[in-house]
Amino acid sequence: MSQSHPRISKAVIPAAGLGTRFLPATKATPKEMLPVVDKPAIQYVVEEAVSAGLDDVLMVTGRNKRPLEDHFDRNYELESALQKKGDAGRLAKVQESSDLATMHYVRQGDPKGLGHAVLCAAPHVGDEPFAVLLGDDLIDPRDPLLQRMIDVQHEYGGSVIALMEVAPEQIHLYGSAAVETTTDADVVKISGLVEKPAVEDAPSHYAVIGRYVLDPAVFGILRRTEPGRGGEIQLTDALQQLAADEKIGGPVHGVVFKGRRYDTGDRGDYLRAIVRLACEREDLGPDFRTWLQRYVTEEMQQR
């Protein structure tokens, strides 16, 4: 019989990556600040955390990431200029990001991997369960994945990982989970994890995507975790230890996500995300869809 566990209140967003796949655009601009239509990608992630009730947000940053802090801070000069112009619409958009959440920042320092970035959050998180949201993964707000994960953690305790079924030839791009079914159709129990396995070594086609709800016991494991794949401290390796021994920090479950997800860390998916989100905007969609349809038709005729 399941029991109720304390609700979480804090979200951690690792944002210290160099964004090398988007060079030269990210030479001086953090990849998290690249616009998806008219908002930086990172704002969508913070909005997702807030929508799930997590308005205490710690961002783990690195060098050259000051624009992230500036974006979620007040810009009095710009706000004053918009007020004088009577531009209430743009003023509201500017103020929206600074009013979203209580933001905190910590620098990772050495780029030692995702596991190390999560460990940097330990002093802020303390002994509470917490959420981790990776900035490259945008989850459509109409598909509330994080809220579902929080509900599962509230019921079962331990940790909860977001999973997505992928084609076998793609599993080497992700962490892969060994799973067992539960009484909930979208929930599985995780018995093992492998970081970016070869196709023949993958325990399943369930891939780990960038949302986690973690028991604070993960910090103790991360402190003892040696660098793994790529010479980095892998969060997957720590989660494997949690899954192997429930006595450490409770069970590890997975929520199988079948909704809309946009990978803005990949150039092709980044472009597709912009197109899909623009098409669905009430203010942009009608004209943009008409143009896109005409463009695609003309391109097909020329080929």
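Trainee: Which residue does Ile13 stand opposite in β4?

Mentor: Met59. Keep in mind that this is a predicted model, where local features need pLDDT of at least 70, side-chain atom pairs count only at pLDDT 80 or more, and totals for chains, interfaces and linings use all residues. Residues are numbered from 1 along each chain as its sequence is written, and side-chain values use heavy atoms, with hydrogens and water left out.

Trainee: OK, how many bridges join β1 to β4, and are they parallel or antiparallel?

Mentor: Five bridges, and the two strands run parallel. Strands here are DSSP E runs of at least two residues, numbered from the N terminus, and two of them pair if DSSP finds at least two bridges between them.

Trainee: And what about β1 and β6, how many bridges there?

Mentor: Two, again in the parallel sense. Val12 has Val132 of β6 as its bridge partner.

Trainee: Is β1 mostly covered or mostly open?

Mentor: Mostly covered: five of its five residues, 10-14, are buried. Buried means under 20% relative accessible area with a 1.4 Å probe, protein chains only.

Trainee: Which residues point which way from β1?

Mentor: Lys10, Val12 and Pro14 go one way, Ala11 and Ile13 the other. In a regular strand, side chains alternate between the two faces of the sheet.

Trainee: Switching topic, what classes of residue line the largest cavity?

Mentor: Four nonpolar, three polar and three charged. Phe22, Lys31 and Gly135 are among them.

Methods. Buried means under 20% relative accessible area, exposed over 50%, partly exposed in between (1.4 Å probe, protein chains only). Helices (H or I, at least four residues) and strands (E, at least two) are DSSP runs, numbered from the N terminus. On a 1 Å grid over the protein atoms alone, a cavity is a set of points where a 1.4 Å probe fits but cannot get out, and a pocket is an open set with protein on both sides within 12 Å along at least five of seven lines; lining residues have an atom within 4 Å of a point. Ala, Val, Leu, Ile, Met, Phe, Trp, Tyr, Cys and Pro count as nonpolar, Asp, Glu, Lys and Arg as charged, and the others, Gly among them, as polar.
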